[in-house]
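My notes follow in the sequence I made them.

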Amino acid sequence: MGRRIRMMVGMGVVGGVLAIATFAMAQGRDADGTRMQARQLTVGAAHSDRLSPPQDREDWYFVRVDEAVSLTVSVKARPASATLRLEMQGATGDRLAVATTEQGSAQVSQRVNPGIYYMQVSGGEARYELSVR
C-alpha cells in the first residue's frame, strides 16, 4: 500500500512540474505572433504595440470590410530609425501590398471588396502605432 501511495505522489509531482512548465512557455509566447492569432481591428481605429525579437518578431491583425472600399493601413515606428515591414493580405493569404518604413513610417493602400483582410507588422525592436482607414 505504501508503494502505491509513493507512486501516486510522484506522478502528482511530475504532473505539477509539467503544468508549471507549460504555463511558463505559454506566457513567453506572443499572443498575436501568427496569422491564426490575429487581433481584430476596426476601420478608423489605431492600435499601439511593440516588437521585441527574438520572441516577438511579428504581429498580426485583421479587419472585416462590409463593402468595397479603399483600405489604407499605416504604421509609425518609434524610434523612427527602426525598420518595420507592413504587409496586407487577403483572406486566403494572397499578398496585396507591402511597404517598409522610411523615416519611421510606411503605408499601404488597396481597393478591396467585402471580406477579411490581414495585416502583418514585422521587424526589429520597436514600438509602433498601426492605423486602418
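Entry 1, pairing at one end. The model is a predicted one. I looked up β1 and strand β3 (residues 58-65) and found that they pair in the parallel sense over 2 bridges. I noted R39, which stands opposite Y61 in β3.

Entry 2, the whole sheet. I then traced the open sheet, where 5 strands follow the order β1-β3-β8-β5-β6 with mixed pairing. Its edge strands are β1 (39-40) and β6 (95-100), each of which pairs on one side only.

I searched for aromatic pairs and the structure holds 1. The ring centres of F62 and Y118 are 5.9 Å apart and the planes meet at 45°, so I wrote the pair down as tilted. F62 is in strand β3 and Y118 in strand β8, so the pair links parts of the chain 56 residues apart. I checked burial next: F62 has a relative accessible area of 15% and is buried. Y118 is also buried, at 16%. Buried means under 20%, so both values qualify.

I looked at what else lies by Y118 and found R35 over the face of its ring, at 3.8 Å from the ring centre.

Which strand holds S122? I found S122 in strand β8, which covers residues 115-123. Its relative accessibility is 15%, so I counted S122 as buried. Leaving out residues up to four places away in sequence, S122 touches L51, R57, E58, T83, L84 and R85.

Technical notes:
Residues are numbered from 1 along each chain as its sequence is written. This is a predicted model: local features need pLDDT of at least 70, side-chain atom pairs count only at pLDDT 80 or more; totals for chains, interfaces and linings use all residues. Side-chain values use heavy atoms; hydrogens and water are left out. Helices (H or I, at least four residues) and strands (E, at least two) are DSSP runs, numbered from the N terminus. Buried means under 20% relative accessible area, exposed over 50%, partly exposed in between (1.4 Å probe, protein chains only). Contact means heavy atoms within 4.5 Å. Two strands pair if DSSP finds at least two bridges between them. Rings of Phe, Tyr and Trp (its six-membered ring) pair if their centres lie within 6.5 Å; planes under 30 degrees apart count as stacked, over 60 as edge-to-face and the rest as tilted. A charge sits over a ring if NZ of Lys or CZ of Arg is within 6 Å of the ring centre and within 35 degrees of the ring normal.
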